[in-house]
Amino acid sequence: MAPPAFSDISKSANNVLNKEFYHQTPVSLEFKSVAPNGVAFTTNGKVSGGKTSGNLEGTFTDKATGLTLTQGWNTANSLDTKIALADALSPGLKSELVTSIVPGGNRSAKLNLYFTQPSVTARAFVDLLKGPIFNGDFTVGHEGFTTGGEISYDVKSALLTKYSAAIGYSAPVYTVSLTAANNLQLFSAAYYHKVSPLVEVGGKATYDSKNTGANPVSVELASKYHLDSTAFVKAKIADSGIASLAYSQVLRPGVTLGLGAAVDTLKLGESAHKLGLSLAFSA
């Protein structure tokens, strides 16, 4: 089994700490469906920052050739296209060409490469129109241990603009990781523990060596509890005083409701709190 990608070394902990907290978007709707010919459609909309936005996306997959074509259009009038080809040039190699065009406006084109083997995972992301800029990372895994690095290189200026490193260990019911990001200036330690089939917990401590303030260390803890096979609740507390709560319920097959709230416990008398509602439909 291939090791996780560099950005996924702390994935289990990050999922508990950051995913499914619905207050992050006040209102969101998502619809997923699959046509008889296998084309998958996704439509989503959200209200955030006083603005309404939406996106329509269709995905066609040819399993025989490993080709996947995704076409999207959003309310910013951006036409987004992704062409992916898996295992065609070499076993374990997936290539993607991702373009975005705003008629009469901005354009972007990126080439992404993913390579996986039983003990190695490597990725390369090249911004073809900006720079060009190369971003790459790799991980090596053995008996539960994973270590890797990440770099960003400006080809035109011949400058190494970013580098990071990480190490992690994964066991059947827990994972731990250490990451040094932002040119080895931002350090974080994270853990995830599946206490029981119903309870998951995660935590992260971050130290910013460039923060000259009184508190360069931040800490956050979260827990997820499965009420039954159709519902769960989540809670998170951060040293900043923000307490977050979330509730998810499958109302019926294909319909999921999410409710979320974030309360600033240091400013209970002020309007610093957030509420969120999410509805997801699939067919």
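In this predicted model, strands β10 and β11 pair in the antiparallel sense over 10 bridges. Strand β10 also pairs with β9, again in the antiparallel sense and over 10 bridges. Both β9 and β10 supply residues to the lining of the largest pocket, as do α1, β11 and β12. A search of the whole structure finds five salt bridges, and Glu20, Lys224 and Lys234 are linked in a network of such bridges. The points below take the strands, the pocket, the salt bridges and the nonpolar core in turn.

**Strand pairing and hairpins**

- Thr147 stands opposite Ile167, a residue of β11.
- The hairpin of β10 and β11 has four residues between the strands, and Ala158 there takes a positive phi near 55 degrees.
- The hairpin formed by β9 and β10 has two residues between the strands, with Glu143 in the turn.
- In a regular strand, side chains alternate between the two faces of the sheet.

**Residues with positive phi**

- Glu143 is not a glycine, yet its phi is positive, at about 50 degrees.
- Glu143 is placed in the loop between β9 and β10, and its relative accessibility of 68% is over the 50% cut-off, so Glu143 counts as exposed.
- Asn183, also not a glycine, has a positive phi of about 60 degrees.
- The loop between β12 and β13 (186-194) holds Asn183.
- Asn183 has a relative accessible area of 27%, which means that Asn183 is partly exposed.

**The largest pocket**

- The volume of the largest pocket is about 370 Å³.
- Its lining has 22 residues, and those closest to the pocket centre are Pro3, Pro4, Gly144, Thr146 and Ser170.
- At least two lining residues come from each of α1 (11-18), β9 (133-142), β10 (145-154), β11 (159-170) and β12 (174-181).
- By type, the lining is made up of nine nonpolar, 10 polar and three charged residues.
- Rolling a probe the size of a water molecule over the atoms shows where empty space is left.

**Salt bridges around Glu20**

- Side chains of opposite charge can pair when their charged atoms come close.
- Glu20 and Lys224 form a salt bridge, with 3.3 Å between the closest N and O atoms.
- Because Glu20 lies in the loop between α1 and β1 (27-34) and Lys224 in strand β15 (residues 217-228), this pair ties together parts that are 204 residues apart in sequence.
- A salt bridge also joins the side chains of Glu20 and Lys234, at 3.9 Å from N to O.
- Lys234 belongs to strand β16 (residues 231-238) and Glu20 to the loop between α1 and β1, so the parts tied together by this pair are 214 residues apart in sequence.
- Glu20 is partly exposed, because its relative accessibility is 29%.
- Lys224 counts as buried at 12% relative accessibility, and Lys234 is buried with a relative accessible area of 2%; both values are under the 20% cut-off.
- The two bridges share Glu20, and the three residues Glu20, Lys224 and Lys234 are linked in a network.

**The Arg123 and Asp137 salt bridge**

- The side chains of Arg123 and Asp137 meet in a salt bridge, at 2.8 Å from N to O.
- This pair links distant parts of the chain, with Arg123 in strand β8 (residues 120-127) and Asp137 in strand β9, 14 residues apart.
- Arg123 and Asp137 are both buried.
- Strand β9, which holds Asp137, also supplies at least two residues of the pocket lining.

**The largest nonpolar core**

- Six residues make up the largest nonpolar core: Ala13, Val16, Leu17, Ala190, Tyr192 and Ala222.
- The most is given by α1, with three residues.
- Helix α1 therefore has a part in this core and in the lining of the largest pocket.

Definitions and conventions. Residues numbered from 1 in each chain as written. Predicted model: local features only at pLDDT ≥ 70, side-chain atom pairs only at ≥ 80, totals over all residues. Heavy atoms only, no water. 1 Å grid on protein atoms, 1.4 Å probe; cavity = no way out; pocket = protein on both sides within 12 Å on 5 of 7 lines; lining within 4 Å. Points joined across faces, edges and corners; volume = space filled by probe spheres on them. Nonpolar A, V, L, I, M, F, W, Y, C, P; charged D, E, K, R; others polar. Salt bridge = Lys/Arg side-chain N within 4 Å of Asp/Glu carboxyl O. Buried < 20%, exposed > 50% of the residue type's maximum accessible area, 1.4 Å probe, protein only. Pairing = 2+ DSSP bridges. Core = buried A, V, L, I, M, F, W, Y, C linked by side-chain atoms within 4.5 Å.
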